[in-house]
Amino acid sequence: MRQPSPLLSRLPILALLLAACAQPGRPAPEPPLLLHGGTIETMDPRLGRVEALGIAGGRVVAAGPRAEVAAALAAADERPAREFDLRGAVALPGFIDAHAHFGGIGQSARIVDLRGCADEAEMVTRAAAAALDLPPGAWVTGRGWDQNLWPGRRFPTRAALSAALPDHPCLLTRIDGHALLANDAAISAAGVTRDTPDPAGGEILRDAAGEPNGIFVDAAESLVRDAMPAPDEATRRRDLLAAQAACFRVGITSLHDAGIGADELAAMRALYASGELEIRLYVMLGGSGTTMADLDLDAAPSIGEFDERLTVRAWKVGVDGALGSRGAALLEDYRDRPGHRGLVLMDEDELVALGRRALEGGWQVCVHAIGDRGNRIALDAWERVFAERPEGRAARFRIEHAQILDRADIPRFARLGVVASMQTNHATSDLPWAEERLGRERVEEGAYAWRELIADGAAFCNGTDAPVEELAPLANLRAAVFRDWGEGPPTSGYHARQRLTRREAVASYTTGGAWAAFEEDRKGRLAPGMLGDVVILERDPIEGPESNLRNNAVRATIVGGRIVHRAE
C-alpha cells in the first residue's frame, strides 16, 4: 500500500526552524539528512511505515515516498542532502530511557564492577585488587553485588572486607543502590558506632553483639557515604561524557535522569555550554532518599535549554526501598523475614504537602515506590491532592518502579492520571528470588503488572534503571515481551499473562517516554516537526520474526540529524 505523502504543508515553518543559528559552543547545524533503503517505523499512526525520512535543522522535515522527501529537503535547505542508506536495517524514533542514573552510568566505568560476583569472596577479591595501586587512606568504591546470586543468599558482613582492605575505607554498593557494605575503615571514618541509632527510613544491620555488621540499608547509607570525599569537577565531567558515549552505543537519544543534585546539574550545564554534551536529558532533582527539606521549593522549572537538550522540571523523592534488600514497603510481612514489612522513607502527609507545592510551582513529582504499601502511600497522597485540585491530574505525577501492586490499586493509575514508570528488566532480574520474598500468590496478583496497567488505560514508560541494571534497551524490550532471561526456561515467560506486545514494548521506549516528560509534541515519533532523533536497528523488532527481539543490534544513533554513533 502506498505510504502517506509527507506533510508538505509544514514547510513554511521550516524557515523558523532553520533560522536558529548554533548557540555558542554548539556545533553548526548539520546538512540535511535523507534516510532510505530500509524500513522506517515512524510510531505515528497517521504515517505508519514510510520509504524515506528527511531531517534538516535538527528536525524531521518529511516522511513518505523518497522523491517527495528529497524535494522537501531541497526546499528546506539549499545544501546537498547527505544520504544514509539503511541497507535493509530498521529506523525507529530514538530510544527514550525513562529511568536511569546518568552520572552513575559514567561512574560505573571507573569504580569496581561487582556484577556477577559468584560469592562474597569474589566480591572482596575484586575490591582488594582495585586497592593495590592506591595510596593508604584512599577510598575504594564499587557497585553491583547481589547476595541473591550467592549460595545461601545471605548479606555479606564487614569482616572479610576489613581484613582484605585494612588501610582503605571501602564502600561496596548493592546492585539496586539501596544497601551498601562498609569496611571497618569506612565505618570508623564515618563515626558510626554501636550507639548510632537507625535513621528514619533506614536500617543498620547488626551482629549478635549489637555492633554494626557493615550493611547499611536505604537512609542509613548516608551515614557512611557522607564521609567519602565528593568527586572533583573534572571527574564529574568525565563521568558524564562516558555516560553519553554509552547511551549512544545502545541507541538512547534521550534519558530521564532519576535524581541528581546541584553539583551534577552544574557540570551538565557546563558540558552543554561547551557543546560536549549532545544527548537530551530530562532531569529529576533529588533522589530516592530526598525529603521536602532537601529541595529548593521556590525554584522554577527550566524547559528546553541548549537547543532542547536539557529540561529540569521534576522532583524525585522516595517512599520506600528495594525488594532485593528487603526495604520495599509491603502491606504484609516478607515471606523470608517474618515480622518485617520494609521501610517507609516518606509518609502520605509529607507527599501531600510536596504535591501541593509542586502544583503551585509547575513541577512534576516522581516517586520511587516498589512495594505494594509504598505504592499505596503514593496513590493515596495523589488522590488527596487531586481531590483539592482536580486539574493536578494533568501534572503527570509519576511512580518510579511500581513493581509490587495490590490489585485494588492497579486501576488507580489510570483514574488519577499517574504515569507508571516501570523497568521491565527488573521482572527478569528478580525472577529467581521474588517469590521467596513475597510468595507465589502475591507475585501472580500484582507484581510487574504491565499488561493490566496498560489495559486499564495507564500511561506507561520504560527504562533500564542503569547502572542498577545493564544499559540495554533491547534487553528491556525482550523482557517486556517474553518475560524470561532471553534463552532457556521458562519458555512460557514469567507470569506470562502480563506480557506486552512488541509494538507496546517499543512504544514504552518512544511515545511512552515522551509523554512521561511532556515531550510528545517533539519526541517519540518520526513525523514532520519532531526532533530528528533516530535509532537504527539491524532487525525489525515489531513486525519481523519474534527471534528479532532476542538477536538484534544497534547500527547507528542519530541526534538532531547528526550521526553520533555508528557501529563498526
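Trainee: Which ground rules apply here?
Mentor: Residues are numbered from 1 along each chain as its sequence is written, and side-chain values use heavy atoms, without hydrogens and water. In this predicted model, local features need pLDDT of at least 70 and side-chain atom pairs count only at pLDDT 80 or more, while totals for chains, interfaces and linings use all residues.

Trainee: How many aromatic pairs are there?
Mentor: Rings of Phe, Tyr and Trp (its six-membered ring) pair if their centres lie within 6.5 Å; planes under 30 degrees apart count as stacked, over 60 as edge-to-face and the rest as tilted. By this rule the count is seven.

Trainee: How many residues apart are F95 and Y509?
Mentor: Helices (H or I, at least four residues) and strands (E, at least two) are DSSP runs, numbered from the N terminus. F95 is in strand β8 (residues 95–100), and Y509 is in the loop between α19 (502–508) and α20 (511–516). The pair links distant parts of the chain, and the separation is 414 residues.

Trainee: Is W315 buried or exposed?
Mentor: Buried means under 20% relative accessible area, exposed over 50%, and partly exposed in between (1.4 Å probe, protein chains only). W315 has 1% relative accessibility, so W315 is buried.

Trainee: Which residue has its charged end over the ring of W450?
Mentor: A charge sits over a ring if NZ of Lys or CZ of Arg is within 6 Å of the ring centre and within 35 degrees of the ring normal. Here the distance to the ring centre of W450 is 4.3 Å, and the residue is R483.

Trainee: Which are the edge strands of the open sheet of six strands?
Mentor: Two strands pair if DSSP finds at least two bridges between them. The order is β9-β10-β11-β12-β14-β13, with mixed pairing. Each edge strand pairs on one side only, and these are β9 (112–113) and β13 (202–206).

Trainee: Which side chain makes a polar contact with the side chain of E278?
Mentor: A polar contact is a pair of N or O atoms within 3.5 Å; within protein, one must be able to donate a hydrogen and the other to accept it, and residues adjacent in sequence count only if both atoms are side-chain atoms. E278 is buried at 9% relative accessibility. At 2.5 Å, its partner is R562.
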